[in-house]
Amino acid sequence: GEIAGDLWRNVEEVGETLTAPFSDPVIRLGVTGLSRAGKTVFITSLVANLLDRGRMPALQSGSAITTAYLQPQPDDTVPRFDYETHRAALTAPEPFWPESTRAVSQLRLSLRVQRQGMLGAMSGPRTVHLDIVDYPGEWLLDLGLLDQSFAEWSEETLARIENRTEAAEFLKQLDGAEPAANFEESLAKVLASSFTGYLHAAREAGFYDCTPGRFLLPGEMEGSPVLTFAPLRMTGKAAKGSLQAEMERRFEAYKSRVVKPFFRDHFARIDRQVVLVDALGAIHSGPAALEDLRGAMARILSAFRPGRNAWLTTLLRGKRVEKILFAASKADHLHHLQHPQLTAVLEALLREAKDRADFSGAATKAMSIAALRATVEETISHKGEDVNCVSGILLDSGKRAAMYPGTLPEDPNQLLSAARSGADAWLEADYNLMRFAPAPLHLKRGDGLPHIRLDKAVQFLIGDRLS
Ligand code: GDP
């Protein structure tokens with residue numbers, strides 16, 4: 001079976017390389033980030049702004065996209081990114097935020113590109129397909145599980161959550177679970193569901209270290225055995241038929257049936273990547289959330305430095321992501337004068353990971369962006385001083401308000417070291433949590449959606465392939 005399977009794979013691969021030179025070039029752009037980092041809004045705005053390029057000046061120099069159109073995507077079994085519904089939400093008379101990413105989805109945008117200058121006149125227009133692949137960053141965190149045994153994962157997880165109030169209920173259930181006892185599905189279900197409950201509560205509280213990622217976003221696997229396990233307090237080797245033995249088996253099945261297929265079918269094929277980071281949201285949530293985000297980022301990034309994982313290295317066989325953009329999302333919560341400080345926080349978050357290895361030669365860049373600008377800048381005079389605010393419609397009250405988000409320090413390490421030292425609150429400043437609703441839009445023909453630096457982001461990611 002194995003050999004036949006391999007042969008068949010080889011035949012398929014040869015088939016692909018035979019047809020590839022004759023078809024139009026394809027760029028696979030991955031869009032990821034932890035839950036609520038802004039992936040759905042980013043892709044919706046990206047597509048809208050590539051279809052109507054009136055707000056994309058930085059992209060249009062050098063080469064020109066003459067037309068862009070959506071096409072049926074080539075991967076028949078992958079859900080399509082629901083662009084139309086999401087765009088309708090953002091452009092409704094009373095706009096609202098679309099539903100967030102829950103699983104992998106994909107969409108193909110085809111671009112007709114006309115090179116400018118002499119060469120362009122000679123070569124005529126060509127077509128480049130942009131396949132945009134949306135997937136939860138939590139799934140990248142799962143890569144770390146491949147190096148762990150069930151015992152190691154259990155130990156690490158339990159040590160981490162021992163003192164978290166969000167985990168109290170699960171830990172209580174765990175006290176009644178004897179690993180050596182005979183396996184019972186009902187107990188496994190109780191443990192898995194209270195562990196999943198913990199993961200949701202932890203995520204809600206701003207923790208990012210929430211593996212297994214698929215427990216949070218189960219999709220069609222909900223309720224299946226690969227998602228019905230939990231960490232155990234183990235004492236020794238598992239006896240056949242015991243709770244521990246079956247949990248161990250399911251953990252291994254999760255790795256081979258859930259984690260590996262995702263990396264093989266989706267991740268390994270990506271050429272360019274955006275990693276969205278809600279750094280501002282983490283700062284607003286406090287030092288613990290920022291420290292946790294730093295840890296999660298470091299682990300997410302290890303997927304882009306495959307040397308660290310033997311299985312992934314073999315899988316990729318030298319193929320690598322060529323460009324990675326790290327984008328601090330929702331920058332419209334800040335007056336533009338503070339954008340450099342936000343970018344600096346993002347850079348500092350990445351530095352640790354970057355210092356160790358250089359993403360296997362990928363070009364990287366950090367930027368502050370807003371995929372959908374929901375605010376306008378306003379300078380308000382307060383006690384005789386000018387205060388640079390942003391104003392918009394507050395999500396909770398529906399009222400228009402000007403808000404001052406707090407001042408980010410010139411040196412991002414002030415924030416990061418406070419976070420690292422386990423401070424309960426920021427010393428220097430108060431950061432205000434803000435949530436704005438999307439603003440009603442009055443779009444003219446040819447206008448994409450309002451954004452901040454989306455054109456520069458796209459130029460960095462795919463500009464070279466358009467000229
Ligand atoms: P996902 O989970 O990564 O798909 O995140 P979403 O794209 O659904 O974004 C989560 C939430 O962040 C949205 O519902 C908005 O409230 C907010 N958000 C995302 N992008 C922006 C942006 O560009 N500006 C503002 N002001 N809010 C944003």
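Student: How many residues does α8 have, and what span is expected for it at 1.5 Å a residue?

Tutor: Happy to start there! In this predicted model, α8 has 20 residues. The expected span is 1.5 Å times one less than the number of residues, and for α8 that comes to 28 Å. From its first C-alpha to its last, α8 reaches 28 Å, so it is close to the expected value.

Student: What makes residues of α8 count as buried, and which ones are they?

Tutor: The cut-off is a relative accessible area under 20%. The residues of α8 that are buried are A188, L191, A192, S194, F195, T196, Y198, L199, A202 and R203. In general, an α-helix has 3.6 residues a turn, so residues three or four places apart point the same way.

Student: What covers the buried residues of α8?

Tutor: The cover includes α5 (138–141), α6 (150–161), α7, α9 (213–216) and α10 (243–265). Past the helix, α8 is followed by G206, whose phi is positive, near 100°.

Student: Why are α7 and α8 called roughly antiparallel?

Tutor: Helix α7 (residues 168–175) packs on helix α8 (residues 185–204) at an angle of about 160°. Angles over 145 degrees count as roughly antiparallel, and therefore α7 and α8 get that description. Their axes are 8 Å apart, and α7 passes α8 in a left-handed crossing.

Student: Which residues make that contact?

Tutor: From α7 come F170, Q173 and L174, and from α8 come V190, L191, S194, F195 and Y198. Sorted by class, the contact of α7 with α8 has 6 nonpolar, 2 polar and no charged residues.

Student: How do you know whether L290 is buried or exposed?

Tutor: Set its value against the cut-off: buried means under 20%, and L290 has a relative accessible area of 0%, so L290 is buried. L290 lies in helix α12 (residues 287–302).

Student: What is L290 in contact with, leaving aside its neighbours within four places in sequence?

Tutor: Those partners are A282, I283, L349, L415, L416, A419 and W426. As for S154, 136 residues from L290 along the chain, the two C-alpha atoms are separated by 24 Å.

Student: And P72: why does it count as buried or exposed?

Tutor: The cut-off for exposed is over 50%. P72 has 68% relative accessibility, so P72 counts as exposed. P72 sits in the loop between β2 (63–71) and α3 (83–91). Its C-alpha atom and that of K260, 188 residues apart along the chain, are separated by 26 Å.

Conventions:
Residues are numbered from 1 along each chain as its sequence is written. This is a predicted model: local features need pLDDT of at least 70, side-chain atom pairs count only at pLDDT 80 or more; totals for chains, interfaces and linings use all residues. Side-chain values use heavy atoms; hydrogens and water are left out. Axes are lines fitted to C-alpha atoms, for helices over the stretch in contact, and angles run from 0 to 180 degrees between N-to-C directions. Helices (H or I, at least four residues) and strands (E, at least two) are DSSP runs, numbered from the N terminus. Angles under 35 degrees count as roughly parallel, over 145 as roughly antiparallel, 65 to 115 as roughly perpendicular and the rest as oblique. A crossing is left-handed if the near helix is turned anticlockwise from the far one by less than a right angle, and right-handed if clockwise. Contact means heavy atoms within 4.5 Å. Ala, Val, Leu, Ile, Met, Phe, Trp, Tyr, Cys and Pro count as nonpolar, Asp, Glu, Lys and Arg as charged, and the others, Gly among them, as polar. Buried means under 20% relative accessible area, exposed over 50%, partly exposed in between (1.4 Å probe, protein chains only).
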